Amino acid sequence: MKQKETMEHKAAGKNGVLRMAFVVLSLVLEIGLLVLFFFRLNQYFRWFQLITFIVGLLLVLVIYGQHKTSAMKMPWIILIMAAPVLGITLYFLIGLNGSTRKMRNRYEKIDALLFPVLHGRKETLEALEQRDPDAGAIADYINHYAHYPVWQNTDVTYYNDAADGLEAQLRDLKRAEQFIFMEYHAIEDKESWHRIEEVLVDRVHAGVEVRVFYDDMGSIGFINTDFTKKMERLGIQCRVFNPFAPGLNIFLNNRDHRKITVIDNKIGFTGGYNLANEYFNLTHPYGMWKDTGIRLEGDAVQSLTLTFLEMWNAVRDTDKDDPNAARFITQYDYHAAQHGFVQPYADSPMDDEHVGENVYISMADKADRYCYFITPYLIITDEMNHALGLAAKRGVDVRIITPGIPDKKLVYRVTRSFYNGLVRNGVRIYEWTPGFCHAKMSIADDKMATCGTINLDYRSLYHHFENGCFLYDCDAVHKMKEDFDQMFTECREVTAYYRSERSNGRRLLDLFLRLFAELM
């Protein structure tokens, strides 16, 4: 039986890779044919050349006038000017970033239903602002622009190892009485997931409503396409975000990168880890795997419940909506032992507000003594580069931890291309030598921190659906600081090495790669 399961797992991975290869090949062929078609029209019809020139010029002006960072605009402008047919075609297919009116309307509709149900108190925000104006300013920004309130009456537990987070989730899942919601970028149909699946099936038999939601591209090498059917047979409701399939789809570039577990609206988990073996060091494709997470119990879990319900109801108009989704966001009596402030939040490419990036920039801006970050990828905008450098110039000890062993070598090369610009302004760079660090956290001055799914890269900050949690004066903040201190002892500091100028050839290659960093 075990040998049969192993064969099925290998087949699932192989089928996923083949499906991805087929879809990518199909997309490349479709784009290639479109480019060839318009190129031939330009060749044979002078009037079409004029149309292409006018469209390209207008598009360059439109892109230039957009309220976006220059790092997002300049690659498209250069590509359209250098190769008009290719640039115009790719921009309409990819550059629009999925901001279709239809998709925006769906998210606005469900948000209008859910957000008014949150039972956040204005007095909590005011109390934080009086206690610490800097932390209060960040919380006020999240409240005003992401619409997620700040909470108290919530206990927060920090896990410096994803395996510990998984064990805690399994214990809490076994106690579920009403519902279980799980939303993850990647699920692997192997040992780690099987332990969860066993508990979910048990809870289904006990009358608990269970919903599982995953991103198709994130899971494509881990599970078969019939995974949803398998879940439904087990009594588990299952949906797939944005199926990766042939066909030109401008929404294809936007993925669900969130990682959330909610139990009865009482207990919630989030952090950097997905539900796959490598995250729990059962396999070691890139040396040791470093990932972290947090457990919330109390009032703030309402925000995680809302974030899950938003995606569950808004992702596809062919799915049957839950007209009474707000029934899951209820209050219950809980008396927290901790007195800190907790603010789960989410970020979406469906609006023009880059909440994840702005929270990170604010952390550096408000720091007085130190501000630390850990991220698997470092592909940042000029604005964030400037904010981190300015904080360092103010005397703040700004440090960034990146992996010592990469999972994607090309992206790693782009990550390292940003080191020089940062260290020249006083930012210190560390690489975690045991392996690959997948955690996404920031911490400042022993009092405020973030933990969630948001990397310091374009995809996380601009293209993906993400979530995080802002913490102030929680026990978890101090545990995170201890973990950072421990990680620094396991890192090699590369600040001095990257302070020196690179060769002209390397600088040219780095500049070329960074032109396409937005798509990595």
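1. Axes here are lines fitted to C-alpha atoms, for helices over the stretch in contact, and angles run from 0 to 180 degrees between N-to-C directions. Helices (H or I, at least four residues) and strands (E, at least two) are DSSP runs, numbered from the N terminus.

2. Before going on, please note that this is a predicted model, in which local features need pLDDT of at least 70 and side-chain atom pairs count only at pLDDT 80 or more, while totals for chains, interfaces and linings use all residues. Residues are numbered from 1 along each chain as its sequence is written, and side-chain values use heavy atoms, with hydrogens and water left out.

3. From α8, Leu 166, Glu 167, Leu 170 and Leu 173 meet Ser 192, Arg 195, Ile 196, Val 199, Leu 200 and Arg 203 of α9, where contact means heavy atoms within 4.5 Å. By class, the residues of this contact are six nonpolar, one polar and three charged; Ala, Val, Leu, Ile, Met, Phe, Trp, Tyr, Cys and Pro count as nonpolar, Asp, Glu, Lys and Arg as charged, and the others, Gly among them, as polar.

4. The axes of α2 (residues 46-65) and α3 (residues 70-82) come within 10 Å and cross at roughly 170°, which makes α2 roughly antiparallel to α3. Gly 56, Leu 59, Val 60, Ile 63 and Tyr 64 in α2 touch Lys 73, Trp 76, Ile 77, Ile 80 and Met 81 in α3. The contact of α2 with α3 divides into eight nonpolar residues, one polar and one charged.

5. Now the sheets. Seven strands make an open sheet with mixed pairing, ordered β1-β8-β6-β5-β2-β3-β4; two strands pair if DSSP finds at least two bridges between them. At its edges are β1 (154-159) and β4 (237-241), each pairing on one side only. Strand β3 (residues 209-215) runs parallel to β4, joined by five bridges, and Val 212 stands opposite Cys 238 in β4. Helix α8 returns here: α8 packs on the sheet, touching β1, β2 (179-184), β5 (260-263), β6 (267-271) and β8 (293-298), and its direction makes about 160° with that of β6.

6. The other open sheet has eight strands in the order β9-β16-β15-β14-β10-β11-β12-β17, again with mixed pairing. Its edge strands are β9 (341-347) and β17 (491-493), and the twist averages 20° from one strand to the next. Strands β15 (residues 448-452) and β16 (residues 466-472) pair in the antiparallel sense over five bridges, with Cys 469 in β16 as the bridge partner of Cys 451. Helix α6 (residues 122-131) packs on this sheet, touching β9 and β16.

7. Do have a look at Arg 258, in the loop between β4 and β5. At 0% relative accessibility, Arg 258 counts as buried (under 20% relative accessible area; exposed is over 50%, partly exposed in between; 1.4 Å probe, protein chains only). The Arg 258 side chain reaches the backbone oxygen of Asp 347 at 3.1 Å.

How values were computed: A polar contact is a pair of N or O atoms within 3.5 Å; within protein, one must be able to donate a hydrogen and the other to accept it, and residues adjacent in sequence count only if both atoms are side-chain atoms. Angles under 35 degrees count as roughly parallel, over 145 as roughly antiparallel, 65 to 115 as roughly perpendicular and the rest as oblique.
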